[in-house]
Amino acid sequence: MSTQVAECSVASCSFNDHSHCNAAAITVGGEEDHAACATFIDIGVHGGLPKVLAGVGACQRTECAHNDHLMCNAPEVRVGPGPDNADCLTYSHR
């Protein structure tokens with residue numbers, strides 16, 4: 001079972017539905033010491049699945065304390081504005 005995205009405060013994302021992410025799953029990307037939601041899309045069209053709470057499908061941030069074999073093992077993930085429009089706010093460098 002994947003870690004769920006508990007909250008997304010990025011209102012401009014096409015997958016955002018009242019602070020809930022309704023993508024099937026997100027990918028956490030970014031660069032070292034910075035984790036960004038690589039699923040973020042801002043095209044002005046609402047997308048995703050109805051009544052779905054997204055999970056973290058994959059995490060590319062191997063230096064994150066929650067990363068276990070490219071999977072997130074945090075209890076939950078929060079996405080919000082940071083250096084990028086949509087960052088993984090749960091990211092914690094080991």
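Student: How much space lies in the second largest cavity?
Tutor: About 50 Å³. A cavity here is a set of points on a 1 Å grid over the protein atoms alone where a 1.4 Å probe fits but cannot get out, and its volume is the space filled by probe spheres set on the points, joined across faces, edges and corners. Keep in mind that this is a predicted model, where local features need pLDDT of at least 70, side-chain atom pairs count only at pLDDT 80 or more, and totals for chains, interfaces and linings use all residues. Residues are numbered from 1 along each chain as its sequence is written, and side-chain values use heavy atoms, with hydrogens and water left out.

Student: Which residues line the second largest cavity?
Tutor: Lining residues have an atom within 4 Å of a point, and they include Val-5, Cys-8, Phe-40 and Val-79. By class, 9 are nonpolar, 1 is polar and none is charged; Ala, Val, Leu, Ile, Met, Phe, Trp, Tyr, Cys and Pro count as nonpolar, Asp, Glu, Lys and Arg as charged, and the others, Gly among them, as polar.

Student: And what volume has the largest cavity?
Tutor: About 70 Å³. Its lining has 9 nonpolar, 2 polar and 1 charged residues, with Arg-61, His-66 and Tyr-91 among them.

Student: New topic: how many salt bridges are there?
Tutor: The whole structure has 3, each a side-chain nitrogen of Lys or Arg within 4 Å of a carboxyl oxygen of Asp or Glu. One of them pairs Glu-7 with Arg-78, whose closest N and O atoms are 3.2 Å apart. Glu-7 lies in strand β1 (residues 5-8) and Arg-78 in strand β9 (residues 77-80), so the pair ties together parts 71 residues apart in sequence. Strands are DSSP runs (E, at least two residues), numbered from the N terminus.

Student: What about confidence, what's the average pLDDT?
Tutor: It is 94, and 99% of the residues score at least 70; pLDDT is the predictor's confidence in each residue, from 0 to 100.

Technical notes
On a 1 Å grid over the protein atoms alone, a cavity is a set of points where a 1.4 Å probe fits but cannot get out, and a pocket is an open set with protein on both sides within 12 Å along at least five of seven lines; lining residues have an atom within 4 Å of a point. Helices (H or I, at least four residues) and strands (E, at least two) are DSSP runs, numbered from the N terminus.
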